[in-house]
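Have the viewer ready and follow along.

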Amino acid sequence: MRQVDHFIVGERPAPTRKANVWNPSTGEVQAEVVLGDRDLLERVVATAKEVQPAWAATNPQKRARVMFRFKELIEANMQELAELLSSEHGKVVDDAKGDVQRGLEVIEFACGIPQVLKGEYTQGAGPGIDVYSMRQPLGIGAGITPFNFPAMIPMWMFGMAIAAGNAFILKPSERDPSVPVRLAELFVEAGAPEGLLQVVHGDKEMVDAMIEHPDIPAISFVGSSDIAHYIYRRGAEFHKRVQAFGGAKNHGIVMPDADLDQVVNDLSGAAFGSAGERCMALPVVVPVGDETADRLREKLIPAINALRVGVSNDPDAHYGPVVTPQHKERIEQWITTAEREGSEIVIDGRGFTLQGHEKGFFVGPTLIDHVTPNMSSYKEEIFGPVLQIVRAKDFEEAVRLPSEHQYGNGVAIFTRNGHAAREFASRVNVGMVGVNVPIPVPVSYHTFGGWKRSGFGDIDQYGTEGLQFWTKKKKITQRWPDGGGDGSNAFVIPTMS
Ligand code: NAD
């Protein structure tokens, strides 16, 4: 059985615990990942402490060159990375390429680190006084990442942290751990010093050790909300800088004047792509008015029935299996709960099997209508290929629904009316808004972050905010007296003689 090891410097300790890595398409265990403990973390932190000062002292242009080479290596290895990712996660290979690509874009931003690291300067803030600022690395950054974007989210974190002069310890999801290790290998091939980026596998034991470690000053987390909140609280106890991003339940508002064919096309990708396992998926659609709802439903049914579910390397599949058997069971339970709560299961994806792959973790596309805000299946994240219709009577209700939901990651409005869109974007209580854009993930030179239970902490991921998170700002006020008086300490311009 293949074993996925830590990516660390020196000998790897004999594993005491391991976890299964599935092939979600076949339902078979394809590898085992070793799970680390506190002793391993001690070693890894010691290595990071050794290599980080020299890296921080390397000028930003040279650091950027490593990022450039890393970018080129990722591009050269795109197909291999995507296939590996797809085989452990279950998303189709094209989606897996998108996962790598969106992380790569943050590496591209990090290539510009000399430009964005420049500080501020005020000459003559007082008589003979200048004030300036510099951004200094924190030392060692740590990242804890979810299963659903095993390439993109690690690169969001370590790309910015390392370019800024930190060493980085990554603890990826134990469910699809191979791509993060492969990225770390490529990073060394790109010229990064060994030990600058280390990957340790583990579960709660390793995460707790990271939170409690006195030499790790900052932790970035992405995952489910209860764990995000736990890490945020515990991190504060240990005086850490923490950003912790959680779950989501993004709404797509459909105004009566929207182009419904475009909406149906967008929803097919945004609700069902990657089997709905995206924090920026659109699992709730809110048509405004019953007439819009009925027209939309009529168009959605054939489009959803036409979706092709397949193994993750099937080039014709719209989406593949979900990540584990437990997750498949959980999604199907949510559909049952929605039914019990009184909503209408229009298309039922429970009990779906794929011929020839009966053991794979597939869930058929599901459409649920007449969902109401009091239902638990609406309040909680399902994270599967399930689209719920919540009918709003008017625009005001359509603004209120996402605004009052516990999650506030993303939201979209579909309309031809600029005023309605503008009003919605400014009033809705959600962190990222799309106007006729179903998955409004901001590009790498902006920044990413949800609100409410989708994000704990106030600094976003990547872009200049990422830089802010991974550095501390020093402010210097300086005065150089000319010596004055008797001339003994007078300012003298040095000459060759
Ligand atoms: P998860 O919370 O189960 O795991 C995330 C990480 O936390 C993993 O590395 C895991 O090993 C670790 N972990 C698991 N249990 C832990 C515990 N008890 N204590 C400490 N650490 C623990 O999340 P997941 O299932 O891997 O990912 C899916 C979730 O992530 C969804 O809720 C999704 O919405 C969310 N997500 C959010 C964003 C965002 O930007 N807001 C992006 C991607 C995914």
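Two strands count as paired if DSSP finds at least two bridges between them; strands themselves are DSSP runs of E with at least two residues, helices are runs of H or I with at least four, and both are numbered from the N terminus. With that in hand, look at strand S5 (residues 129-137), which pairs with S21 in the antiparallel sense over nine bridges. Within this pairing, Arg135 stands opposite Lys473 in S21. The two strands belong to an open sheet of three strands, in the order S4-S5-S21 and with antiparallel pairing. Strand S4 (121-126) and strand S21 (471-479) form the edges, each pairing on one side only.

A word on the ground rules. This is a predicted model, in which local features need pLDDT of at least 70 and side-chain atom pairs count only at pLDDT 80 or more, while totals for chains, interfaces and linings use all residues. Residues are numbered from 1 along each chain as its sequence is written, and side-chain values use heavy atoms, with hydrogens and water left out.

Now zoom out. The domain assignment, whose bounds come from an automatic or database source, gives domain 1 (2-246 + 454-476) and domain 2 (251-435). Their centres, taken over C-alpha atoms, are separated by 31 Å. Contact (heavy atoms within 4.5 Å) takes 21 residues from domain 1 and 26 residues from domain 2.

On a 1 Å grid over the protein atoms alone, a cavity is a set of points where a 1.4 Å probe fits but cannot get out, whereas a pocket is an open set with protein on both sides within 12 Å along at least five of seven lines; lining residues have an atom within 4 Å of a point. The largest pocket holds about 910 Å³ of space, the volume being that filled by probe spheres set on the points, which are joined across faces, edges and corners. Among its 35 lining residues, Arg175, Phe221, Gly223, Ser224 and Ile227 are the closest to the centre. Helix H9 gives the most to this lining, with four residues. Both domain 1 and domain 2 contribute lining residues, so the largest pocket lies between them.

Finally, there are three cavities of 30 Å³ or more. The largest cavity has a volume of about 90 Å³, and Gly276, Arg278, Ala281, Pro283 and Phe383 lie nearest its centre among 14 lining residues.
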